[in-house]
Amino acid sequence: MIVVVYEVGGRSWRCVAMAARTDPVELQAVYAMMAATGNGWAASIPDVCVKSGRWHGIECVQDGDYYHVVELSFGLVTDQATAFPSCAQHSFISPAVANLTHLRKLGYFACCMENPQRIPSEIGRLGDSLEALHLRNNGHVGIIPEELAGLIKLRTFDVHGNSLAGTMPIWLSSLTELEAMDISDNTFGGEVDGRTFDNLERLTVFDASDNEFVGALPDSIGRLRTLQKLDLSYNNFTGAIPTTIGDLSRLLSLNLAHNRFSGPLPETMSNLSNLKSLDLQRNCFRVPIPASLGKLVKLEGLVLSESEFVGPIPSSFGSLSNIRALFLDGNKLTGTIPPALGDLTRVYELELSSNLLAGPVPFSSSFVSRLGRRLRLQNNEGLCYEFKTADSLTSDPGSTIRPSEQPPQLKICSSSSSNNQSVGSSEFFPPSHHPSIALDSVAPAGSLKPAFEPSSACSRISYLSYHAVKCFWFMTFLVIMSRC
């Protein structure tokens, strides 16, 4: 701003340059919003946008003679630190927010928890400028006002951790610039209308976990082709996972855990070639695990726990060369453990417990030693360990199984382990701890074959005694017959 000054006495003109200042309408709006959060001290600052008047949580840009407020944030960003102006006990969002017509980012973090309120519809009047709206853990109730459909430039929409209700608004599809949407940890419910996913061609993050959605996941989910993270966990979705899920080829993380999905997993999931994390635990599939999941070679975490999977563990899982954590526990998996799992050189945690697996455990002593207690096989009554492998575990100085520990419950495979029959429990059991090694099964009634072959000093004595008694009775029988 330039002010022209005319000095009468000296008959001269003088130009004086004046610094830019905050737009007066926006200045008053900031005062009102600060007062609504218990920060009335801001009214003592003549100009909130000049360098001396700014605080962390407000950003301005100059446009000609005026500064415009482009960012305004309040409250706790983390549980340990307040990065923005703190919020008083009865804080609320002032309707004056509608006057910040150049605002690009608005954030309230845990500000209104003690004063539950609806999201003010006035925010919807910022459609020409607002790009990011964060109302995280902010105590909001009711439905999302339809006026927010006017936020046509919005890229980030975050209402995590409130008590918002109602169905997922169909008008969300009008926010065509959206890149990240987090509506998790609320009480949204009902079925999801497939039209909700129309036009969201830029969405990369969609988190709707911890809600009360029901019914089938619509096929239109496959239209979100730019998605990198999809989290629908902790809802009540039912039916089969739609085959269109395979169209989300950019996905890095897919979490459908803690729902009631059923039926076969779509073969199209093998198209998710960039997937690094897949969590399907706590569902109701009741089908075999498809071998096609072994094609997801970039997977680092695969969780299929407690989802009623049946049948064998696919040997194709041996191709998951980047896997770090593999959880298959709590299902009804049968058959043997594929030896290929022992070739997973990067696996850090392997959970196979509480299934119906049987036969010899195919892992080497070095594999077992490397994973230690992160290898869990308990509650598979049919599993056993080959004697030579178990013996090497106790002799390996790096093994996590040591004689000083409480005896685990490994059973040694019988000598007829080719038929994969086994007895006892399924945890590791060093030979030095178990009193007898289960070998052949008990012979049929009437057979002279002993139930246990000699395998230790004690059992060998029993074996010799058995033969001595048998010889004694045979000689006695001959004597009696000769007298007759």
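**Notebook: sheet, core, rings and sulfurs**

I began at one spot in the sheet: Thr-334 stands opposite Leu-356 in S25. My element names are DSSP runs numbered from the N terminus, with helices (H or I) of at least four residues and strands (E) of at least two. I am working on a predicted model, where local features need pLDDT of at least 70 and side-chain atom pairs count only at pLDDT 80 or more, while totals for chains, interfaces and linings use all residues. Residues are numbered from 1 along each chain as its sequence is written, and side-chain values use heavy atoms, leaving out hydrogens and water.

**Entry: the sheet**

I looked up which strands pair here, taking a pair to need at least two bridges found by DSSP. Strand S23 (residues 332–335) and strand S25 (residues 356–360) pair in the parallel sense, over two bridges. They belong to an open sheet of four strands with parallel pairing, in the order S21-S23-S25-S27. Strand S21 (310–311) and strand S27 (382–384) stand at the edges with a single partner strand each, so one side of each has no neighbour in the sheet.

**Entry: the core**

For burial I used relative accessible area with a 1.4 Å probe on protein chains only: under 20% is buried, over 50% is exposed, and in between is partly exposed. Which members touch the most others? Among the 107 residues of this core they are Phe-157, Phe-206 and Phe-317. The elements giving two or more residues are helix H1 (24–36), strands S4 (58–63), S5 (66–75), S6 (105–109) and S7 (132–136), and helix H2 (365–371). H1 gives the most, with six residues.

I then listed what Phe-157 touches, with contact set at heavy atoms within 4.5 Å. Leaving out residues up to four places away in sequence, the list for Phe-157 includes Leu-133, Ile-144, Leu-148, Leu-172 and Asp-182.

**Entry: the rings**

I paired rings of Phe, Tyr and Trp (its six-membered ring) when their centres lie within 6.5 Å; planes under 30 degrees apart are stacked, over 60 edge-to-face, and the rest tilted. The structure holds nine such pairs. The rings of Phe-188 and Phe-213 have centres 6.4 Å apart and planes at 5°, so I logged the pair as stacked. Phe-188 lies in the loop between strand S11 (180–182) and strand S12 (189–191) and Phe-213 in strand S14 (residues 212–216), so this pair ties together parts 25 residues apart in sequence. Both Phe-188 and Phe-213 are buried.

Phe-285 and Phe-309 are stacked too, at 5.0 Å centre to centre and 20° between the planes. Phe-285 sits in the loop between strand S19 (277–279) and strand S20 (301–303), and Phe-309 in the loop between S20 and S21, 24 residues apart. Phe-285 counts as buried at 2% relative accessibility, and Phe-309 is buried at 0%. I also noted one aromatic cluster, formed by Phe-188, Phe-213, Phe-237 and Phe-261.

I checked charges over rings as well, asking for NZ of Lys or CZ of Arg within 6 Å of the ring centre and within 35 degrees of the ring normal. Arg-54 lies over the face of Tyr-67, 5.6 Å from the ring centre. The charged end of Arg-374 sits over the ring of Tyr-348, 3.9 Å from its centre.

**Entry: the sulfurs**

Taking a disulfide as two cysteine sulfur atoms within 2.5 Å, I get a count of three.

- Cys-49 joins Cys-60, with S to S at 2.1 Å; the link is left-handed, at -70° about the S-S bond. Both Cys-49 and Cys-60 are buried.
- Cys-87 and Cys-111 have their sulfur atoms 1.8 Å apart. Cys-87 is partly exposed at 21% relative accessibility, whereas Cys-111 is buried at 4%.
- Cys-384 joins Cys-413, with S to S at 2.0 Å; the torsion about the S-S bond is about 95°, so this disulfide is right-handed.

With the bonded cysteines numbered in sequence order, the pairing reads 1-2, 3-4, 5-6. Cys-112 is buried, with a relative accessible area of 0%.

Technical notes. A nonpolar core is a set of buried Ala, Val, Leu, Ile, Met, Phe, Trp, Tyr and Cys residues joined through side-chain atoms within 4.5 Å.
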